[in-house]
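Subject: Handing over the protein structure

Hello,

I am passing on to you the structure that we talked about, together with some notes on what turned up when I went through it. Please keep it open beside this message, so that you can look up each part while you read.

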Amino acid sequence: MYNPSCSRDNFAKISLLFLAVFLASCNTLKRVDDNELLITKNTIYADSLKVSNEDINSLIIQKPNSALLGYPLRLNLYNLAKENPDSSYNAWLYRNEKREQRLNKLLSQKQVRRLGESFVAKGVHEWLKKIGEPPAVIDTTQTLRTLTRLKAYYHSKGYFNNDGNFTIDSLPKKKRIGVNYNIDLGKPYMIDTLMQKISSPALDSIYQLHTNESFVVPGEKFDIDNFNNERERLTTLFRNTGIYNFQESSISYTIERDTFEFRNDQGMDIQLNIEDQRRRGDGVATTSQYEVHRFKNINIHTDYDFTGEENEEFIRYKDYTIFYRGKLRFKPKTLANAIFFNKDSVYRDIDRVRTNRQIANLNVFRYPTISYDQDPEKPSDLTANIYLQSRPKYSLGSDFDINHSNIQRVGLAYSPSLQARNIFKGAENLSLTGRLSIGNSRDESIIDKQFFNILEFGADLNLNFPRIWLPFINTDKIIPSYTLPRTRMSIGASAQQNIGLDKQTFNTVLGYNWTPSDFKKHNVELLNVQFVRNVNQERFFNVYTNSFSSLNDIATSTTSYDYITVAPELFDIGEDIDDTELTIPDGANEFIAQIENGTLGSTSDDYADVINIKQRRDRLTQNNLIFATNYTLNLTNRNGLTDNQFYSFRFKVESAGNLLSGLSYLLPFSEDDNGDLLVFNVPYSQYIKTEFDYVKYWDLSKSQVLALRTFFGIAIPYGNADNIPFVRSYFAGGSNDIRAWTPYSLGPGRTDAINDFNEANLKMAASLEYRFPIVGDINGALFADAGNIWNVFDNVEDPDATFNGISSLGDIALGTGFGVRYDFTYFLFRLDLGFKTYNPAEEISKRWFRDYNFANSVLQIGINYPF
């Protein structure tokens with residue numbers, strides 16, 4: 001009999017064998033001539049101490065060939081390419097006298113010639129050279145250049161008298177060497193005194209108020225970086241205290257020559273020079289003192305077309321003059337709140353940045369243009385002109401997708417959208433998005449035999465305000481407009497047909513977010529309401545097949561009690577026991593009912609298992625009403641997308657049901673049989689939920705990164721609920737989680753995927769990933785993921801699925817593996833292969849490496865990094 005797992009194992013073994021043969025056949029020295037030496041190691045010594053600083057090591061010009069886990073992959077790919085593929089092709093062509101004749105009959109002479117230039121004959125070798133890397137053969141010219149770089153670097157750090165040389169070490173392996181760069185630093189020069197010569201009195205006054213912030217401090221070692229940082233600090237300081245036209249080139253430093261040449265104590269006297277502003281016009285250079293500039297006029301042009309200012313009308317609002325054409329389409333207050341210049345206030349660069357950000361945040365204008373004019377009679381007076389161009393009031397969009405999944409063989413989805421801007425003249429933006437999808441289902445229980453037998457449709461309406469909207473409350477002083485405040489109101493609904501339990505959902509959100517800085521963001525959802533109605537609850541056992549299989553195994557088992565004999569009406573009787581099944585839904589539901597009320601006698605184990613299945617059925621078919629409020633804080637010190645040395649932290653807390661619980665004391669809510677209060681005939685959920693998510697990156701140099709993620713989340717039901725709604729629970733597994741398991745297949749606890757969608761209300765997870773380049777835009781990764789989910793403080797009593805203190809930490813699963821990623825610049829395509837290293841669902845003695853093989857590995861496909 002054909003065994004797929006054996007076939008996969010054999011394929012993996014054959015692949016590894018071919019890989020081993022390939023690695024062994026590669027000759028690293030293939031392109032290294034007898035009179036050449038291959039560099040495999042560079043070392044820098046400063047005063048005989050090894051330097052490990054990556055910035056200093058990056059100054060080395062000629063580096064060893066890159067390696068993948070110690071193996072010079074790119075070098076060996078380069079070595080695989082033939083030096084002269086044309087001659088190889090010709091040798092093959094003329095090796096047989098009749099070969100050329102036969103080819104000329106089959107093809108023309110021109111085509112035969114082009115065959116030699118084809119990718120197979122020639123292009124493949126060019127491609128191998130392109131993605132490969134030529135051998136790093138030592139070039140003493142480059143070595144001397146590196147030495148010059150290193151001496152210049154230490155010279156910039158105050159070691160003016162440093163000297164250096166390089167030595168070459170022969171390594172044990174043939175024709176391989178290491179290069180040592182030896183720098184004798186000498187005694188560093190120190191800053192003895194710091195003097196100032198500032199021409200403009202206004203600059204001198206500002207400087208004296210901020211001397212304690214200086215990077216250049218007497219008594220410290222000379223470091224050119226400190227001088228560069230001080231120039232940037234002073235430029236920023238002056239341009240944020242009224243000197244709008246300050247030029248960084250006005251700042252210079254001089255070293256008193258007498259002290260520099262003749263003092264023996266290595267002390268230096270430094271003078272800071274800040275000269276007057278330089279201007280050049282009509283071939284004549286002039287200078288003038290810097291002055292503090294204040295705004296005399298602030299003009300806002302709302303319909304500027306860059307052809308002139310004719311036909312513009314204007315109104316005055318507070319400190320602003322607002323120009324428009326025809327009719328003013330924006331509330332003056334909205335425009336004023338987006339401008340951070342005020343009449344008679346001093347110019348500040350930060351106000352210009354905030355103005356640009358806030359105008360862009362309104363999403364009704366294109367990026368603004370801001371210019372400044374000086375008063376000819378009084379140059380310290382500024383007129384600010386903000387030129388705005390409106391975006392179209394209405395815009396249409398649409399998306400069309402073709403998809404395939406484990407639910408449907410093929411699906412078509414269409415999503416039209418309409419956006420209306422500035423609908424109330426206060427930069428309020430309204431968007432309406434629709435969704436319609438049809439598909440061909442894999443579910444054989446669906447009666448509808450049309451090809452497109454599943455349907456899903458819905459719509460969302462969103463309204464965004466560029467401010468915090470709270471009735472009767474002014475939040476401007478607490479949350480200023482430079483934090484980009486935004487209010488979001490949304491309402492949406494969706495419905496399914498022949499998908500799962502045919503859910504109908506309704507949701508509405510009233511939320512706020514603001515960003516005090518690039519490194520901090522707040523999000524509050526004052527109201528988040530979600531209503532879920534399961535229209536076709538009778539399809540539970542068709543959808544959740546694991547639950548049905550477990551129930552059917554109990555019902556058809558004859559080891560303890562013959563249920564088929566006692567209640568044959570519940571079964572679809574086959575020729576033998578293996579062909580007999582409970583009917584769906586009547587037989588399955590009635591079997592549960594009779595076991596529960598004792599009509600069918602049962603063992604204690606059967607009773608407990610059936611009741612667990614009943615509780616899960618009741619929970620997943622129950623309609624849900626979630627009335628929640630939540631707050632999220634995001635912190636990060638990441639500086640751009642290319643920053644690989646940062647951390648990010650997310651904290652979220654959510655509370656649900658408390659408002660309705662409070663109203664229950666004022667309004668007469670009805671109750672169900674369990675004593676739960678009902679709203680719209682549905683028991684509302686009540687819980688508290690909190691999450692902590694921390695990510696840390698370490699830059700290991702040479703595009704190598706170590707990334708860590710830790711997560712902890714818990715949701716505790718209370719009051720009107722004894723469990724967490726499915727949509728608010730946690731699951732484990734998947735491409736962004738514990739990658740050795742598929743989504744929803746891990747846990748809870750040490751259970752072995754007992755349900756189709758395993759979830760719980762407590763989750764712990766941690767992932768560690770080492771990322772490294774392979775070839776070109778192809779990168780690799782080694783990873784380890786650990787974690788699990790558990791039930792705690794809810795209605796699940798199974799000890800294998802619940803968290804019972806420290807001992808339950810032994811249920812934490814561990815998956816390890818490797819991944820390959822291709823960087824498309826705008827996004828990253830990811831393949832990760834995870835192996836079950838420690839599986840808590842196995843017996844204790846078999847948990848480690850039981851399924852650690854290719855047959856039981858899990859291939860995860862993802863877009864961008866998992867964290």
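Predicted model: local features only at pLDDT ≥ 70, side-chain atom pairs only at ≥ 80, totals over all residues.

The average pLDDT over the protein is 87, and 90% of the residues score at least 70. Confidence is highest in strand β25, residues 647-656, with a mean of 97, and lowest in helix α1, residues 4-25, with a mean of 46. Over residues 1-11 the pLDDT is below 50, and beyond near neighbours in sequence this stretch makes 4 contacts in the model. Residues 13-25 also have a pLDDT below 50, and that stretch has 5 contacts beyond its near neighbours in sequence.

As for the chain as a whole, the protein contains 19 helices and 35 strands. It has 867 residues, of which 43% count as buried, and it exposes about 46,800 Å², with carbon and sulfur atoms supplying 54% of that area.

One sheet to look at is an open one of 4 strands, in the order β2-β1-β4-β3 and with mixed pairing. Its edge strands, each of which pairs on one side only, are β2 (49-50) and β3 (163-170). Strand β1, residues 38-46, runs antiparallel to β2 and is joined to it by 2 bridges; in one of the pairs, Y45 has K50 in β2 as its bridge partner. Helix α8, residues 140-156, lies across β1, β3 and β4 (176-184), and its direction is at about 30 degrees to that of β4.

Another open sheet has 3 strands in the order β5-β7-β6, again with mixed pairing. Here the edges are β5 (190-198) and β6 (251-255), each pairing on one side only, and neighbouring strands are turned against each other by 25 degrees on average, if direction is ignored. Between β6 and strand β7 (residues 267-274), which run antiparallel, there are 5 bridges, and I251 has I274 in β7 as its bridge partner. Helix α9 packs on this sheet, touching β5 and β7, and makes an angle of about 140 degrees with β5. Helix α10 lies across β5, β6 and β7, running at about 145 degrees to β6.

A hairpin is formed by β11 and β12, with 2 residues between the strands, and K318 in its turn has a positive phi of about 55 degrees. The strands, residues 313-317 and residues 320-324, pair in the antiparallel sense over 5 bridges, and Y317 stands opposite Y320 in β12.

Turning to charged side chains, a search of the whole structure finds 36 salt bridges. In one of them the side chains of R233 and E213 meet at 3.4 Å, N to O. R233 lies in helix α10 (residues 224-239) and E213 in the loop between α9 (201-208) and α10, so this pair ties together parts that are 20 residues apart in sequence. R233 is buried, because its relative accessible area is 12% and the limit for buried is under 20%, whereas E213, at 40%, is partly exposed.

In another salt bridge, R821 and D832 meet at 2.9 Å, N to O. R821 belongs to strand β33 (residues 813-823) and D832 to strand β34 (residues 828-838), so the pair ties together parts that are 11 residues apart in sequence. R821 counts as buried at 1% relative accessibility, and D832 does as well at 0%. D832 also meets R830 in a salt bridge of 2.9 Å, N to O, and R830 is buried too. Salt bridges with shared partners join R739, E769, R771, D785, R821, R830 and D832 into one network.

N513 is buried, with a relative accessible area of 19%. Leaving out residues up to four places away in sequence, N513 touches I468, L484, P485, R486, K521, H522 and N523.

Best wishes

Conventions: Residues numbered from 1 in each chain as written. Heavy atoms only, no water. Buried < 20%, exposed > 50% of the residue type's maximum accessible area, 1.4 Å probe, protein only. Areas by Shrake-Rupley, 256 points an atom, 1.4 Å probe, with all protein chains shown as cover. Pairing = 2+ DSSP bridges. Contact = heavy atoms within 4.5 Å. Axes fitted to C-alpha atoms, helices over the stretch in contact; angles between N-to-C directions. pLDDT = per-residue confidence, 0-100. Salt bridge = Lys/Arg side-chain N within 4 Å of Asp/Glu carboxyl O.
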